[in-house]
Structures are given as structure tokens and as C-alpha cells.
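Reader: Could you walk me through one part of this model up close, and then its charged surroundings? I would like the cut-offs along the way, please.

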Amino acid sequence: MCLLCLKVKKIRNNSDKILQSLAKKDKNISLDNILRLDDSLKTLTTKLNELQADQNSKSKEVGILKSKGESAEDIFADLKILSDKIKELEKEQRELSSSLKDALLEIPNLPHSSCPQGSSEKDNVVVFEKKTNKELNFNVKNHIDIGKQLDILDFEVAAKMSGSGFPLYKGKGALLERALINFMLDLHIHKHNYTEVSAPHIVKKDTLIGTGQLPKFEGDLFKVGDDKWLIPTAEVTLTNFFKDRILNQKDLPIRLVAQSSCYRSEAG
């Protein structure tokens, strides 16, 4: 049985329980479209199987008539009609399968049973709180003011080049950024035995589907060509190291680390 069928079967058999759980994330989530698409796909597939069986039967008839030296022109005409109809239904089947797959990808992961239901911060549950009576007085400055004062950050020049929200590090600011990257990588590589990875920053659609960015967060991503997308995080490439592979338990845990630029518009 295909993975897609297993997913739909689980949804169909446990729809009330799944909806109750998903309501903790969004009360407006519906499974109706998925079940409707699945019903249509099943009906179409049954019809397609019947036509293909008829096609096979008539093809055998042709063979029998030819072996007897008899004409099979009428059956050939029927086969042509069947072939055209089958091609039409196969196209429709592919489109329905694609729509069903996209609909399934829109359904979020089920939250843990202990997760409270709610849609705003006021619904959060405090699990731990620590208070102090000490009053700390600081002459507070934000990082932008500090960066300007030290002449290591320049948002004005960055805005001219790229628009608002982009930083430009210079001098010791650029050095600090590079040092922090090296510190992070060296810590994981030398102390925790991670393997460093330098992977492409451009990936295919299926790669982003595999890590959950597509189709839900398409508006946050940058498409740069035909099936070419910029990665929003190095997690995408590291996770897809193992796409379509079965891992042996004796090889676990696998520790990979990477540093990359993260291309996302933060539209959401």
C-alpha cells in the first residue's frame, strides 16, 4: 500500500480525534477536502481499472482473430476509443493525486496531548517561574546604538543596497561575526564530534517539501529558477542528506553541523 493511501486511511479512520487535536493549533482546519479528493480518486481509479481490463480483453481478442486469419477492424476501432479515454483518465488521476498530496502537506503535525488549546499568548500555561528581589539598574542601549557607537554596524548603507532590515557588518563587527561562526563550528566539530558540512544554498522543490517548508511557507521562500529555491536554513540540506535512505540503527546517532546564509522573506 502506498504511503499516501496510509495517510488518508489514518485520517479517515481517526478524523474526529485528529480534528480535536488540530483544534489546539487552528479551529478552522478541515479534513473535508482531503476526504472528498480521496473519494474522487478512488472512483476514478476504479473506472480506470475497468477500462484497462476491457482494453486487455479486447487486445487478446485481436490476437485470437488474427490467429484465425479473421478481420479485427471493429475491435481496433474500439481499442482506439478505449486508449484515448484511458489517457484522459490517467491525466485526471495524476492531477487528483497531486491535489491530494498538496492537501495532505497543508495539514500540520499533531500537537502533543499535553499542549493547551489556545490561539494567543494568554492561553499559554506557565510551567516554571523564578522571581528575584534584586533590582538591576542598567543604562540600557540596544544593539543598533552600540553598533553605531563602535562603528561596526551600518544599517543606512545596507538599506541603500538591500532595503530595510538588512545589516552591514564592518571592521570588528565583521570579524566578530566570523569569529562566532568559527566558534560554533569548532565547538561542535572538536568537542561534540560533529561532521562539518558545506552544502549547496540552492535546492529543488522536493527537498523543501521534505523539511516542511513547502507548500505551507512558500511565501517566505525565494524561488530563483525552474525548480530552484534558496534555502531558508542549513537544516534543509542536512536533513535531506538522508532522503530516500533507510538508516541502520548501529550508525546512530548521526551528528552533522553546517553554517549557511538563510534566505527567507519572513513574509508571515
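Author: Happy to. Val 125 sits in the loop that runs between helix H4 (73-105) and helix H5 (143-150); helices here are DSSP runs of H or I with at least four residues, strands are E runs of at least two, and both are numbered from the N terminus. This is a predicted model, where local features need pLDDT of at least 70, side-chain atom pairs count only at pLDDT 80 or more, and totals for chains, interfaces and linings use all residues. Residues are numbered from 1 along each chain as its sequence is written, and side-chain values use heavy atoms, with hydrogens and water left out.

Val 125 has a relative accessible area of 56%, so it is exposed (over 50%; buried is under 20%, partly exposed in between, with a 1.4 Å probe and protein chains only). Its C-alpha atom and that of Lys 191, 66 residues apart along the chain, are separated by 36 Å.

Back in helix H4 you will find Lys 101, which is partly exposed because its relative accessible area is 41%.

After H6 comes Gly 163, with a positive phi near 105 degrees.

Finally, Asp 227 lies in the loop between strand S3 (223-225) and strand S4 (228-230). Asp 227 is partly exposed, because its relative accessibility is 31%.
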